[in-house]
Amino acid sequence: MTRLPVTHRVQRLPRLIATDLDGTLLHDDKSVSARTVAALAAAERAGVEVFFVTGRPARWMDVVSEHVHGHGLAICANGAAVVDLHAGRSLVKVRELPVPTAREVVAALRSAAPGATFALERTSGMTYEPQYTPYFHGDDGPVATAPIDKLLASDAPVGQHDGQPGGGQCGDPVLKLLVRHAELSPDGFLELARAVAGDLAEITRSSPTTLLEISGRGVSKASTLAQCCAERGIEPEDVIAFGDMPNDLEMLNWAGRSYAMSNAHPAVLAATSHRTVGNNEDGVAAVIERLLAADLPR
């Protein structure tokens, strides 16, 4: 019987780890545990690139900014923006939702779901309708409010510019259209929206509340991650992905190996063959630790 060399590695490490943040990498209090910080750093030392792939806007990335090594990049707004966290959250790539398309989606959802309220996430910040209930992260500052038709007009009011002085411009690209509904269920609203507007744009959700996130057609975590990997010569089979909500599904299906958190949405659990413990139990770190331990020379 032929003996394997002592340097044989029992499991090849991935070249890239792609992980969602909320409900996946972060604890419910939005913190990054010391265990997770150590696991991410160890992966980077082993030559594995780490990409944070999130629905969050760039201005909400401070919680993980210091934990991206090497390239410094993160994929934000469900794939609509690639951000350099080492350069003050500057935008490297933007995949916008065209304003005419946003208007079409608004009209379709108004007709199908009366009572829907809307907000816009532009590269310059957030604006929303007076009836829309925003989630304030703590650093959003003052934002403009107006009916969605006004927010999408050429003379639209301007939101805060990612915490930077000077404000944004009404013509700044739209990254996401956000839609809330007070009466419909989260998954019911998603199904309805896709039925009436799914041919116009990408429609998904990541919140436990009835909040939909709408991006330009073809824009998703998966498609932007695929672009970033292609630029690095990384194939899907060299990627491990982690996620918990419907906005992670395309990414989880694209990656060669995918893990659903134990706290994941039922659709995510059904679509993935690998599991890890929940976000509050450091499920991402647990997998990384096992991968690095298995890769040690025997």
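The following legends describe close-up views of a predicted model.

**View 1. The open sheet of eight strands.**
The strands of this open sheet follow the order β5-β4-β3-β2-β1-β11-β12-β13, and their pairing is mixed. Strands β5 and β13 each have a single partner strand and stand at the edges, so one side of each is left without a neighbour in the sheet. On average, neighbouring strands of the sheet are turned by 25 degrees against each other, direction ignored. Within the sheet, β1 and β11 run parallel and are joined by four bridges. Ala 18 stands opposite Ala 241 of β11.

**View 2. Helix α10 against the sheet.**
Helix α10 packs on the sheet and touches β1, β11, β12 and β13. The direction of α10 makes about 145 degrees with that of β12. Nine of the twelve residues of α10 are buried, and the helix is thus described as mostly covered. The buried residues are Gly 283, Val 284, Ala 285, Ala 286, Val 287, Ile 288, Leu 291, Leu 292 and Ala 294. The elements that cover them include the strands β1 (16–19), β11 (239–243), β12 (257–261) and β13 (274–276), together with the helices α1 (21–25) and α2 (34–45).

**View 3. The length of helix α10.**
Helix α10 comprises the twelve residues 283–294. At 1.5 Å a residue, the helix should span 16 Å. The C-alpha atoms at its ends lie 17 Å apart, which agrees with that expectation.

**View 4. Strand β4 and its two neighbours.**
Strand β4 (residues 81–84) is covered on both faces. Ala 81 and Val 83 are buried on one side, and Val 82 and Asp 84 are buried on the other. Strand β3 (residues 73–76) pairs with β4 in the antiparallel sense over four bridges. Ala 74 has Val 83 of β4 as its bridge partner. Strand β5 (residues 90–94) also runs antiparallel to β4, and four bridges join the two. Here the bridge partner of Val 82 is Lys 93 in β5.

**View 5. The hairpin turns on either end of β4.**
Four residues separate β3 from β4 in their hairpin. In that turn, Ala 77 has a positive phi of about 55 degrees. The hairpin of β4 and β5 has five residues between its strands. In this second hairpin, Gly 88 takes a positive phi near 65 degrees.

**View 6**
Seven of the seven residues of strand β8 (residues 174–180) are buried. Strand β6 (residues 117–122) pairs with β8 in the antiparallel sense over six bridges. Thr 117 has Arg 180 of β8 as its bridge partner. Strand β10 (residues 211–215) likewise runs antiparallel to β8, and four bridges join these two strands. Val 179 stands opposite Leu 212 of β10.

**View 7. Cysteine residues of the model.**
The structure holds zero disulfides. Cys 228 is in no disulfide, and the nearest cysteine sulfur, that of Cys 229, is 7.0 Å away. The cut-off for a disulfide is a pair of cysteine sulfur atoms within 2.5 Å. Cys 228 has a relative accessible area of 2% and is buried. Cys 76 has a relative accessibility of 1% and therefore counts as buried, the limit being under 20%.

Technical notes:
Residues numbered from 1 in each chain as written. Predicted model: local features only at pLDDT ≥ 70, side-chain atom pairs only at ≥ 80, totals over all residues. Heavy atoms only, no water. Buried < 20%, exposed > 50% of the residue type's maximum accessible area, 1.4 Å probe, protein only. Pairing = 2+ DSSP bridges. Expected span 1.5 Å × (residues − 1). Contact = heavy atoms within 4.5 Å. Axes fitted to C-alpha atoms, helices over the stretch in contact; angles between N-to-C directions.
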